[in-house]
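Welcome! Please take a look at the model below, and then let us walk through some of its parts together.

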Amino acid sequence: MEIIPRGIEVVVRAPAKLNLCLEVLGRRSDGYHELETVMQTISIYDELTFENAEGPTRLVTESPDVPHGADNLVVRAAEALCEHAGRTRGALIRLQKGIPVGAGLGGGSSDCAAALVALNRLWALDLPREALHALASRLGSDIAFFLHGGTALCRGRGEKVSPLENVPPLTYVVVCPALSVSTKEVYENFGLSLTTDSFNTKLLLEDLSKCGSSGTFPNFFNRLEAVTVELHKPLKLLARQMTDSGLERVTMTGSGSAFFGVTRGRKEARESIEKLKRLTVGKVFLAESVG
Ligand code: C5P
């Protein structure tokens with residue numbers, strides 16, 4: 001996450017994420033599912049601007065897809081910080097969306113983490129990392145990951161974050177089809193009996209550590225992919241079109257609907273993007289790993 005103090009404002013570029021693997025380990029008593037996932041921040045960004053306001057926190061955005069008012073994670077982050085620090089005055093927050101909403105790219109969670117870090121700075125609260133982490137875990141599942149960024153193995157609902165060092169950067173093509181997926185519906189339709197041992201987080205971690213030197217690509221996987229594709233059949237065609245365009249290891253991120261594939265470099269990525277754009281598959285991005 002990039003934080004730029006600019007006069008009386010703080011500006012943050014909040015990155016998207018990919019789930020390089022996602023394993024569902026079981027159902028929990030709180031209704032959530034226990035996950036094991038490797039997440040990676042990538043170069044698709046939202047931009048947020050924070051400045052002090054006299055009244056309560058207000059979020060301004062031109063994006064029609066972003067939830068308004070207290071339903072927005074950015075506003076909830078500001079309110080949680082105010083409550084924690086005993087502050088009564090809020091902030092004016094402007095949000096420019098670059099990350100597609102509801103695609104499994106984590107935009108809402110990344111914006112929320114950006115708000116925690118930026119307002120901690122703007123309001124000179126000096127809360128330590130652990131306090132921000134505790135607030136992030138309370139606000140949602142993926143938010144704590146975005147406080148770290150880079151590559152990390154995440155467990156629990158995603159909030160137990162173990163950063164992974166020295167993972168070679170990769171070049172991705174990400175496609176967001178014009179199709180909205182309900183995370184809740186995907187998990188409701190997920191049968192744990194579907195789980196076999198054919199996917200393996202440990203193998204993915206080994207692949208990641210050596211992919212720079214071996215010239216091979218990691219075996220990405222997503223245990224939710226079969227369920228989402230079953231619920232939204234056009235995604236099967238999308239995955240095939242992405243593979244046919246020259247992308248390797250085409251996989252879904254989060255609970256969908258975005259898919260990603262990997263390439264040797266930018267030139268190959270641009271060639272795939274050209275082909276995919278002719279097929280009008282949705283929004284297509286070239287994205288690279290960011291720290
Ligand atoms: O994280 P989010 O609030 O988008 O999740 C929506 C729903 O998906 C949850 O209410 C829950 O039913 C399901 N879910 C789950 N296990 C997770 C994450 C989400 O069962 N780890």
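Alanine 77 is buried, with a relative accessible area of 0%; buried means under 20% relative accessible area, exposed means over 50%, and partly exposed is in between, using a 1.4 Å probe and protein chains only. Alanine 77 has its place in helix H1, which covers residues 73-85. Helices (H or I, at least four residues) and strands (E, at least two) are DSSP runs, numbered from the N terminus. Setting aside neighbours within four places in sequence, alanine 77 is in contact with Cys112, Ala115, Leu116 and Leu139, where contact means heavy atoms within 4.5 Å. For a sense of scale, alanine 77 and leucine 153 are 76 residues apart in sequence and 24 Å apart in space, C-alpha to C-alpha.

Before going further, please keep in mind that this is a predicted model, in which local features need pLDDT of at least 70 and side-chain atom pairs count only at pLDDT 80 or more, while totals for chains, interfaces and linings use all residues. Residues are numbered from 1 along each chain as its sequence is written, and side-chain values use heavy atoms, with hydrogens and water left out.

Now let us see how H1 sits against helix H3. The axes of H1 and H3 come within 11 Å and cross at roughly 135°; axes are lines fitted to C-alpha atoms, for helices over the stretch in contact, and angles run from 0 to 180 degrees between N-to-C directions. That angle makes H1 oblique to H3. As for the wording, angles under 35 degrees count as roughly parallel, over 145 as roughly antiparallel, 65 to 115 as roughly perpendicular and the rest as oblique. On the H1 side the contact is made by Leu73, Arg76, Ala77, Ala80, Leu81 and His84, and on the H3 side by Ala131, Leu132, Leu135, Arg138 and Leu139. These residues of the contact of H1 with H3 divide into eight nonpolar, one polar and two charged. Here Ala, Val, Leu, Ile, Met, Phe, Trp, Tyr, Cys and Pro count as nonpolar, Asp, Glu, Lys and Arg as charged, and the others, Gly among them, as polar.

H3 (residues 129-139) also packs with helix H2 (residues 107-122), at an angle of about 150° and with the axes 10 Å apart. H2 and H3 are therefore roughly antiparallel to each other. H2 contributes Cys112, Leu116, Val117 and Asn120 to the contact, and H3 contributes Leu132, Leu135, Ala136 and Leu139. By class, the contact of H2 with H3 has seven nonpolar residues, one polar and no charged ones.

Which residues of H3 are buried? They are Ala131, Leu132, Leu135, Ala136, Ser137 and Leu139. What covers them includes H1, H2 and helix H4 (143-148).

Next come two buried residues whose side chains reach a backbone nitrogen. Aspartate 46 lies in strand S3, residues 33-52, and is buried, with a relative accessible area of 1%. The side chain of aspartate 46 reaches the backbone nitrogen of isoleucine 99 at 2.9 Å. Beyond its neighbours within four places in sequence, aspartate 46 is in contact with residues including Val12, Arg13, Ala14, Gly107 and Asp111. Serine 289 lies in the segment after strand S12 (283-288) and is buried too, at a relative accessible area of 17%. A polar atom of the side chain of serine 289 lies 2.9 Å from the backbone nitrogen of leucine 170. Leaving aside neighbours within four places in sequence, serine 289 is also in contact with Gln40, Thr41 and Ile42, among others.

Some places in the backbone deserve a look as well. Most residues other than glycine have a negative phi, and most peptide bonds are trans. Alanine 124, however, has a positive phi of about 50°; alanine 124 has its place in the loop between H2 and H3 and counts as exposed at 62% relative accessibility. Threonine 280 has a positive phi as well, near 40°. You will find threonine 280 in the loop between H9 and S12, where it counts as exposed at 70% relative accessibility. The peptide bond from glycine 256 to serine 257 is cis, with omega near 10°, and serine 257 lies in the loop between strand S10 (248-252) and strand S11 (259-263).

Finally, is lysine 277 buried or exposed? Lysine 277, in helix H9 (residues 266-278), is exposed, with a relative accessible area of 51%. The C-alpha atoms of lysine 277 and valine 175 are 9.9 Å apart, although the two residues are 102 residues apart along the chain.

Notes:
Polar contact = N/O pair within 3.5 Å; in protein donor to acceptor, adjacent residues only side chain to side chain.
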